[in-house]
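My entries follow in the order I made them.

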Amino acid sequence: MSAELKKDSLGLMHSLAMGIAGSAPTFSISATMATLIGAVGVLAPASLVYCGLLVLGIVFAYMHLNSHSPNAGASYAWVSVIFGKKLGFFAGWTVLVSSALFMVSATIPAGSATLLLISPALAESQIAVTACAIAWLILVTIVIVKGIKLTGKVQVIMTSMELIILSIVSIAAIIEFGPHALHTLSWHEFSPLAFSPTSFANGAIIALFFFWGWDVSLNLTEETRDSKKSPGFGAVGAMIIIIAAFTAFAAVTLVVLNDDEINKSGTNVVFDVANKLFPAPWSYLAVLALMLSTIGNLETSMLQFSRTMFAQSRDGVLHERWSKVHAQWQTPHWATFLIAIIGLALLVSSLISISIAQVMKASINIIGVQAAYYYGLAGFACAKNFRHLCMRSTWDFISMMLLPVISAVALWSAAVMTILTFDWITTTIAIGSLLLGAIPLLRKARQTNLVVS
């Protein structure tokens, strides 16, 4: 039988920390910065600024929708009410699919960072990294199932330590390499005119992977005190912090590393930057930051998956087993175990890939496109839902209508343009994994003999 999640377990600071951890500054930089710079070069900082501003429009949409109707299903629940159950289901399904795919790109850096600390010679071995990643996935699963309150406290500590380490590295980089940067940056690189439509789209989708995950704060709304305000305010605060952090470290990477070093860094950009700034063992603070970030990101991704599945199951869209919560810990343990099993399967299957870098690049692009889809749905849902209220003030019009719509259109346009550049395997995974959602949707419709509107 279904039960409620543990109420009033989190506060505003937890929502802020969860939002930051969901985007995982150090992990995202390590996993994605080399890919972003490879795609757009010195335009990387600007790509992060513009994409961050676009995502901020979606953050406002989430904030308003949550204040109107707090729900662990977040975009799934809101889109279902505003646009109908079919679109709502696929908004939720996209969250589930992207979270599942993320298990590979999240755990691989954790394994790589761990091996850098204990056995550097194995850090380039795909088998060793995968085995270590599996160990981390199992450990994080146990922590999450044990309860949200403990997870929230640990997350605040880990996120604070991570941001402090990133700040130290960034300040040291400016002091040491500022006068003789390896890449010269100018204000021209921040102009929209510096981009072509294709380069902007490619940069935006990759940059979207940096920001993806902040919305976990809204998936935890039923477990948060002052559920109509704290999750939304926490998400807005988190977005402002991570825009600044990502943009600053993109500039730091270009200043400290040359093109060859960036290409070779793979998923170790932060460590390579720190290694040029600090002697060992102090440079390994960057590895510590990466481990903290990856653990936090794993937690938030699994939380987002389990809460979305919990909400869909509670509404009868998916099998009722996924809405069951543990009698003692009050967590949706079966949904949590499911995402762990999926993650383990995907990690093992990733071994057939040629390299870690290939796995990371494919998952980054796929998740970016899928995130653009369900974020865009939420932006349009906000505009439609508040179309009569948004004229109350200039701020209401901007935050409820203008920014969400602009952001949704831009994200969908960038997603379409990026899909056109995919190879057939990446395209098949990106679109095919979403279309698989038709199977449980149609099966449930037949079982209940209901017409899904």
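**Salt bridges**

I began with D396, which is buried at 11% relative accessibility (buried means under 20% relative accessible area, exposed over 50%, partly exposed in between, with a 1.4 Å probe and protein chains only). The model is predicted: local features need pLDDT of at least 70, side-chain atom pairs count only at pLDDT 80 or more, and totals for chains, interfaces and linings use all residues. Residues are numbered from 1 along each chain as its sequence is written, and side-chain values use heavy atoms, with hydrogens and water left out.

D396 forms a salt bridge with R392, and the closest N and O atoms are 3.1 Å apart (the rule: a side-chain nitrogen of Lys or Arg within 4 Å of a carboxyl oxygen of Asp or Glu). R392 is exposed, at 57% relative accessibility. Side chains of opposite charge can pair when their charged atoms come close.

How many salt bridges does the rule give? I count four.

Next I took E222 and R314. Their salt bridge has its closest N and O atoms 2.9 Å apart. E222 sits in the loop between α9 (216-219) and α10 (230-256), and R314 in helix α13, so the pair ties together parts 92 residues apart in sequence. Helices here are DSSP runs of H or I, at least four residues, numbered from the N terminus. E222 is buried, with a relative accessible area of 18%. R314 is partly exposed, at 34%.

Then I checked K276 with E261. This salt bridge has its closest N and O atoms 3.2 Å apart. K276 lies in helix α12 (269-277) and E261 in helix α11 (259-265), so the link joins parts 15 residues apart in sequence. K276 is partly exposed at 28%, and E261 is partly exposed at 27%.

**Nonpolar patch**

I157, M161, W282, L285 and L288 make a nonpolar patch of about 480 Å². Patch members have over 30% relative accessible area and no salt bridge, and nonpolar side chains (Val, Leu, Ile, Met, Phe, Trp, Tyr) are joined within 5 Å. The areas are Shrake-Rupley values with a 1.4 Å probe. α7 (148-177) and α13 each supply at least two of the patch residues. I157 lies in α7 and is exposed, at 52% relative accessibility.

**Second largest pocket**

I put its volume at about 540 Å³. A pocket is an open set of points on a 1 Å grid, with protein on both sides within 12 Å along at least five of seven lines; lining residues have an atom within 4 Å of a point. A volume is the space filled by probe spheres set on the points. The second largest pocket has 20 lining residues, and W93, M309, L318, W322 and P440 are the closest to its centre.

Which helix gives the most to this lining? α5 does, with five residues. α5 (85-118), α13 (285-314), α14 (333-349) and α18 (438-448) each supply at least two. By class, I logged 15 nonpolar, two polar and three charged residues.

**Cavity**

I found one cavity of 30 Å³ or more. In a cavity a 1.4 Å probe fits but cannot get out. The largest cavity holds about 50 Å³ of space. G22, F102, W212, G213, V216, N297, T300, S301 and Q304 line the largest cavity. α13 gives the most to this lining, with four residues. The lining has three nonpolar, six polar and no charged residues; Gly counts as polar in this scheme.

How values were computed. Patch = residues over 30% accessible without salt bridge, like charges linked within 9 Å, V, L, I, M, F, W, Y side chains within 5 Å.
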